[in-house]
Every structure is written in C-alpha cells, then in structure tokens.
Amino acid sequence: MITVSVKPLFTAIFTLSLFLAIVLLSPSSPFSSVPSNKQAGKSDIWGVKRLVEWRPCKWWIHGPRIALPAESNGYIRVDCYGGLNQMRRDFCDGVGIARLLNATLVLPKFEAAAYWNESSGFADVFDVDYFIQQMDGFIKVVKELPPEVALKEPFRVDCSKRKGQFDYIESVLPSLLKYQYISITPAMSQRRDRYPLNAKAALCQACYGALRLTRTLEQKAAELLEAIPKPFLSLHLRFEPDMVAYSQCEYPGLSPASKEAIEAARGDRKPWTGELARTWRKRGKCPLTPNETAFIFQALSIPTNTNIYLAAGDGLMEIEGLKSIYTNVVTKSALLSGEDFLNMHGNTKAALDYYVSINSDFYVATFFGNMDKMVAAMRAYKGLHNTLFLSRRAYAELTSKGLDGKELMQALWLAHKEDFAMGRGSALPDCFCDFKS
C-alpha cells in the first residue's frame with residue numbers, strides 16, 4: 001500500500017496560491033514590478049487622483065475659423081533671442097501678434113548667441129514645410145519675401161521691455177502700415193486674453209500643432225528615446241553655475257569645484273545675506289540641489305531604482321547627490337554617440353531633451369522655466385498628465401520651520417499631492433481649458 005503525505009502537498013498548494021494572489025493584486029503602476037522605497041501604506045505620487053485635467057480648448061481645436069482677409073497689412077518677422085524654448089515662446093507670441101495685425105508672417109530669425117553656444121537657425125531645428133502647411137487658414141506664412149521687399153531690411157520694433165497693458169494695434173500697426181516690413185521682439189508680459197479668438201487660435205496652433213522637429217533631428221531624438229530603459233521619468237534639473245549665480249542664493253556644503261564655478265559666474269551679482277536671504281529662499285527663489293531633489297522624490301514615494309533620464313544642459317553641479325540615491329540615471333551624452341551628436345549646438349541638444357520629455361512616462365521639473373512650460377503644455381496636448389513641478393517654496397518654508405526626516409517627508413507629500421491633483425503648472429491657460437474629472 002502506497003501512502004501519500006498530505007502535509008507537503010497542502011504546503012505546496014498554499015504557497016502557490018499565495019504567490020498568485022500577490023501577483024494578481026499587485027498595483028498597476030509601471031514601477032510596481034521593481035522594489036520601492038514607498039512609505040508605509042502609501043502609493044507613489046502618480047497614484048493620486050487628478051481632479052483637473054488640462055486639455056486643448058475646443059474653440060481652438062474645433063471652433064470655426066475666420067477667413068483670412070484678402071489683403072495683408074504687410075510683413076512681420078519675429079526676432080527671437082535666448083535658448084531654444086525662450087525663442088519658441090517668443091515666436092509663438094509673434095504669430096499671434098501677426099494675426100492680430102493682419103500681417104503676413106516671415107520665417108523667424110533665431111539670433112545666434114555666444115552665451116548659449118548657439119548658431120543654428122529656425123530651419124535647422126523645425127520642419128519649415130510642415131509649419132507652413134499646419135498654419136494654413138490660421139495665418140499666411142512665406143518662405144521668401146517678394147523681390148521689392150527683400151531688398152530692404154525690416155524696420156525694427158522692439159517691444160521686449162514693454163510691460164503692462166501694451167497695445168500692439170496702437171503701438172505697432174502704424175509702423176507696419178508705413179514700412180510694410182517690420183521685425184518685432186514680443187513684449188515680455190502680454191495680455192493675450194485681450195486677443196480676438198482668431199489671433200489666439202493662431203498662437204495656439206503655432207505653438208502646439210505646427211512646430212515639428214526636422215526629419216534628421218527627430219530621427220536622432222527617436223533613437224535617443226528608444227535607447228532609454230522603460231518605463232522612465234524625465235527630470236529637468238536646474239543646478240548649473242549660472243542658474244545658482246543668477247538666483248543670488250547661498251548653499252553651504254557645496255564642493256570646492258561647485259563654489260568656484262558659481263563665483264566665476266556671479267560677476268557683480270552677490271548672494272543675499274541675513275534676513276533678506278531667508279525671505280528670498282522662503283519665496284521659492286532658490287533652485288533645488290540634486291540632493292534636495294532626491295529627498296523630495298523619496299517623500300513622494302518614487303522608487304529609488306526608477307529609470308531617470310536627465311534632461312539637462314552642460315555644467316550640472318553636485319549631481320552625485322541625486323545619483324547616490326537614484327542609481328538608474330542616464331543622459332543623452334551617455335546614450336548617443338557619433339560625430340553628428342558631438343557637433344550639435346545648444347538648440348539642437350535642447351530639442352532632444354524636449355522630444356524625450358514630451359514622450360516620457362513621467363515628467364518632473366525642479367524649476368518653472370520656458371522649457372518646463374512648453375513640455376507640460378505639449379504633454380497635456382498629447383493627453384499625458386503625469387507631470388509635476390517640485391515646489392521650491394514648500395521645501396524652503398517647511399525646512400525653515402525646522403522640519404526634517406519623516407515629518408518633513410509627510411509635509412512635502414501633502415504639498416505635492418495637492419499640486420498634482422489640481423494639475424498646477426501642467427498647462428498654460430492661453431490655449432488649454434481645465435476639465436474637472
């Protein structure tokens with residue numbers, strides 16, 4: 001007679017059942033398959049329910065278009081300065097202005113800037129033919145001026161330092177009618193809410209529906225995206241010497257190399273001291289260090305083995321403060337090789353970061369600059385809402401109260417949970433409307 005032991009069989013069945021239960025009931029987050037540093041009983045920040053979802057406004061996407069007038073008031077060229085995303089912002093504004101003034105748009109001039117290590121123009125970064133095609137019906141765009149106009153330089157109208165209730169019709173239209181060909185640099189602060197819908201629609205279409213990278217640059221960006229381990233978080237981290245020098249903030253404990261680089265970039269811009277320095281920091285004016293960024297990530301229960309693409313320029317300081325905790329950090333210089341990448345300038349490298357960031361699973365920024373605004377809005381345009389801006393103000397205010405450790409982590413979680421739920425900073429109101437879920 002053969003006897004069978006029931007106990008080992010029961011143990012095997014129970015173990016298998018327990019294993020299946022764990023697999024079936026595990027959370028659906030893309031990072032759930034890897035170990036995490038989550039705080040007890042708390043999911044990561046991406047599991048927070050969004051109460052507001054930003055989407056392109058219907059009046060822009062589906063609204064009726066007003067036919068373009070038969071006659072134009074003249075030609076406008078937008079002159080753009082700074083980094084890629086600042087120039088893109090100015091160009092989008094310029095498109096809206098040109099439509100407001102019933103002008104024909106000339107391809108913009110991207111000013112070469114030694115500071116940005118830049119020499120590439122609009123056509124080196126963006127697909128010109130695609131832009132013209134996508135703007136059809138919104139505004140007339142020309143590649144080349146008529147011979148009689150092309151012979152002369154445009155009359156320059158610099159609006160960049162105009163503030164307040166600046167009126168382009170009153171201030172710029174007379175010059176356009178007189179000279180027939182003008183160049184403008186848009187005002188830094190505008191009241192776009194005063195634009196008629198046709199001008200606002202032209203601005204929105206130009207910024208989010210018509211600007212596509214050149215085929216060569218998009219292929220290189222797609223190659224970079226393919227090389228990044230998935231799923232991944234794109235982190236736009238700003239802690240370069242010029243950024244810190246411009247902020248006028250002081251950071252104890254930095255390495256001698258970082259201190260030297262900051263001092264070289266300061267010039268006459270000395271750091272704030274005393275009570276003024278504390279007030280400045282509590283207002284959220286000081287960039288987060290890589291170490292502070294890593295601490296906030298942990299407070300948000302973002303796993304330490306998350307794949308992170310570092311969307312940043314050259315000269316990032318103290319990066320080991322992040323990498324020592326979040327070990328799966330990759331950069332474009334490490335993933336791409338070849339002479340074509342080495343020969344890229346500032347704009348084309350920034351375009352790679354932009355492309356990867358708008359297509360990432362998650363996007364986090366430690367600042368709220370031009371790139372961050374553009375990326376967040378494009379992600380909203382594409383229906384990608386896992387976008388978060390780390391709060392420098394919350395971190396400074398909480399640490400000034402003496403909070404640290406788990407108490408600080410809990411307070412940071414609550415501050416960012418509300419920001420994420422309400423979609424704060426995730427899109428600009430000019431072209432996007434909020435849809436409460």
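Which cysteine does a disulfide join to Cys57?

Reply: A disulfide joins Cys57 to Cys433, with 2.1 Å from S to S. First, some ground rules. This is a predicted model, in which local features need pLDDT of at least 70 and side-chain atom pairs count only at pLDDT 80 or more, while totals for chains, interfaces and linings use all residues. Residues are numbered from 1 along each chain as its sequence is written, and side-chain values use heavy atoms, leaving out hydrogens and water.

A disulfide is a covalent bond between the sulfur atoms of two cysteines. Here the term is applied to a pair of cysteine sulfur atoms within 2.5 Å. By this rule the count comes to 4 disulfides.

Back to Cys57 and Cys433. Their link is right-handed, with 110 degrees about the S-S bond. Cys57 lies in the loop between strand 1 (52-56) and helix 2 (58-61), and Cys433 lies in strand 12 (residues 432-436), so the pair ties together parts that are 376 residues apart in sequence. Helices here are DSSP runs of H or I with at least four residues, strands are runs of E with at least two, and both are numbered from the N terminus. How covered are the two ends? Buried means under 20% relative accessible area, exposed means over 50%, and partly exposed is in between (1.4 Å probe, protein chains only). Cys57 has 2% relative accessibility, so Cys57 counts as buried. Cys433 has a relative accessible area of 27% and is partly exposed.

Next comes the link of Cys204 and Cys431. Their sulfur atoms are 2.1 Å apart. This link is left-handed, with -90 degrees about the S-S bond. The pair links distant parts of the chain, 227 residues apart. Cys204 sits in helix 9 (residues 197-209). Cys431 sits in the loop between helix 21 (405-421) and strand 12. Cys204 is buried, at a relative accessible area of 1%. Cys431 counts as buried too, at 2% relative accessibility.

Cys249 and Cys286 form another disulfide, with sulfur atoms 2.0 Å apart. Their link is left-handed, at -85 degrees about the S-S bond. These two cysteines are 37 residues apart, and the pair links distant parts of the chain. Cys249 is in the loop between helix 11 (241-247) and helix 12 (256-266). Cys286 is in the loop between helix 13 (274-282) and helix 14 (290-299). Both Cys249 and Cys286 are buried.

Now the overall pattern. Count the bonded cysteines along the chain, and the disulfides run 1-8, 2-4, 3-7, 5-6. Cys80 has 0% relative accessibility, so Cys80 counts as buried. Cys159 also has 0% relative accessibility and counts as buried.
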